[in-house]
Amino acid sequence: QGKVVDVVVHAREVVGVELEDGRRFRTKAIVIATGTFLNGLIHTGRRTYSGGRTGEPAAIELAESLKRLGFPVGRLKTGTPPRLDGRTIDWQAFERQPGDRVPVPFSFSTDEIEQPQIDCYVGFTTEALHNTIRANLSESPLYSGKIKGIGPRYCPSIEDKVVKFAEKSRHQLFLEPEGHDTNEIYLNGFSTSLPAELQQDLVRMIPGLDEARIIRPGYAIEYDFVDPRELGPDLQTIRLTGLFHAGQINGTTGYEEAACQGLIAGINAALFTQGRDAFRLRRDEAYTGVLIEDLIKQGVDEPYRIFTSRAEYRLALRYDNADARLESYGRELGLVGDSDWERFNARQSRLAALGRALDSTRFRRSDPTYAALQAQLGVDLGDSISLAQLSKRPGVAADLIKSLLPADLSGGLRSADLDTVLADTLYEGYLQSQKTTIDRLYQHDGLRIPDRIVFRELSGLSNEIVERLERVKPGTFGEARRIPGLTPGALSTLLVHLSAHQSQ
């Protein structure tokens with residue numbers, strides 16, 4: 001309906017927004033989710049122009065409004081690859097990558113996915129292509145100095161790949177169709193801001209793309225973000241009541257990262273207008289909880305992405321138990337309807353019955369089944385063994401457990417249910433060990449880190465972690481623990497080394 005240019009504030013509370021044409025809308029809560037539009041600047045070769053994405057205007061006035069309100073603002077960048085015309089591609093030159101045989105739905109409300117899956121394809125760059133990029137680096141705004149923002153570490157441009165990984169003779173590419181009803185192909189792995197005409201020449205150096213036509217060239221985009229340490233765990237700003245931020249404005253990159261923030265900010269904006277308590281997720285409950293706590297406590301010095309390694313409790317954060325962890329919250333908030341709630345409770349009942357069956361079904365030496373199992377596995381199983389104990393043994397597949405379940409359970413058994421119960425059983429001991437490790441991490445903040453330590457010589461630390469440690473040079477384990485981006489696994493590795501050094 002219009003372009004927001006200003007946030008209207010009274011006594012440190014938001015009271016509305018102002019549009020470009022002067023209209024004002026009163027409101028009690030605002031969620032700002034600007035993506036790459038906040039003061040966005042697009043780069044393609046030597047050409048630079050304002051935009052939120054190609055063909056759409058940037059939110060320049062809103063960016064200035066946030067600065068006037070006192071929010072600390074930084075600058076990040078991201079990029080996108082060229083889109084190709086699928087009708088001009090020699091598909092035989094690429095390796096086919098079919099989708100999952102049985103795709104896993106995003107929602108427990110979906111029993112199965114009936115939509116036909118679209119194949120993707122894998123290809124590779126060439127040394128000739130790399131040499132051409134090296135010869136034209138002056139045309140890249142990333143290397144000419146025009147781009148000031150920091151880009152995502154895990155989605156580098158093709159220029160970055162060629163320069164930073166010069167020893168590689170080729171880089172992998174994924175050709176991803178944009179949908180069922182389009183010929184547009186997303187050339188994943190070839191993000192670039194080189195001139196459009198040069199992009200066309202480079203694309204045609206890829207085997208199979210000799211005659212490929214670019215529909216839209218790739219480009220880099222710089223944009224503003226607000227320091228996420230300005231936020232509370234409900235994603236409401238500390239500076240202004242009623243103002244919520246979600247997505248790339250908080251320094252993240254990636255679709256899932258943006259979506260989960262939009263969900264939490266939207267929930268809390270609604271709760272705020274209703275005068276209800278804020279909703280938050282803990283680190284041990286969801287990856288969303290990990291992401292938000294990392295953002296608001298550590299801030300960002302590069303576009304943030306969520307990884308399993310960032311979560312101390314990752315063994316418990318599985319997609320198949322997301323309903324057990326989160327559905328009761330959805331019900332309480334009014335986001336889960338009656339039919340979905342009934343489905344959830346029915347599934348929990350099935351899982352409980354399966355768990356009891358695994359514990360209570362036992363085979364003794366005198367049972368014919370016991371002898372068959374022992375012969376099949378080639379190990380002694382003791383005087384007796386339960387299905388739960390059997391499921392933890394190497395080489396025991398879910399199909400074997402299913403065949404040994406009581407008949408009243410195995411008949412209409414759902415494979416997804418059995419997989420969940422078996423995972424719970426398998427990870428039971430690991431979860432306790434994980435908890436012990438986490439407790440240890442937070443008890444050693446005063447442990448000194450020697451000045452002469454060489455982080456690169458510590459086995460098990462990634463290059464990224466080493467860079468962060470060398471940049472900050474922490475004096476204690478507690479200081480290291482508070483460095484943005486240090487994963488629980490890296491901290492555990494560091495703690496083991498420091499403990500060993502202390503005992504010498």
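Strands β1 (4-10) and β2 (residues 13-19) pair in the antiparallel sense over 6 bridges. Pairing requires at least two bridges found by DSSP between two strands. Strands (E, at least two residues) and helices (H or I, at least four) are DSSP runs, numbered from the N terminus. The model is predicted: local features need pLDDT of at least 70, side-chain atom pairs count only at pLDDT 80 or more, and totals for chains, interfaces and linings use all residues. Residues are numbered from 1 along each chain as its sequence is written, and side-chain values use heavy atoms, with hydrogens and water left out.

The hairpin has 2 residues between its strands. Ala11 takes a positive phi there, near 50 degrees. Strand β2 also runs antiparallel to β3 (residues 24-26), joined to β3 by 3 bridges. Val17 stands opposite Phe25 in β3. This second hairpin, β2 to β3, has 4 residues between the strands. In its turn, Gly22 has a positive phi of about 100 degrees.

Helix α1 spans residues 60-68. Leu62, Ala63, Ser65 and Leu66 of α1 are buried, that is, under 20% relative accessible area (1.4 Å probe, protein chains only). They lie on the same side of α1 because they cover an arc of only 160 degrees around the axis. The arc is that of the directions from the helix axis to the C-beta atoms. An α-helix has 3.6 residues a turn, so residues three or four places apart point the same way. The cover over the buried residues of α1 includes β1, β4 (30-32), β14 (219-226) and β15 (243-245). Gly70 follows α1, with a positive phi near 100 degrees.

Gly86 is found in the loop between β8 (83-85) and β9 (95-97). Gly86 is buried, with a relative accessible area of 12%. Leaving aside residues up to four places away in sequence, Gly86 touches Trp91, Asn183 and Ile185; contact means heavy atoms within 4.5 Å. Glu184 is 98 residues from Gly86 along the chain, yet their C-alpha atoms are separated by 5.9 Å.

The secondary structure of the protein comes to 17 helices and 17 strands. Of its 504 residues, 44% count as buried. Among contacts with a separation of 6 or more, 67% link residues 24 or more positions apart. The C-alpha atoms fill a box of roughly 80 × 60 × 60 Å, taken along the principal axes.

Key. Buried < 20%, exposed > 50% of the residue type's maximum accessible area, 1.4 Å probe, protein only.
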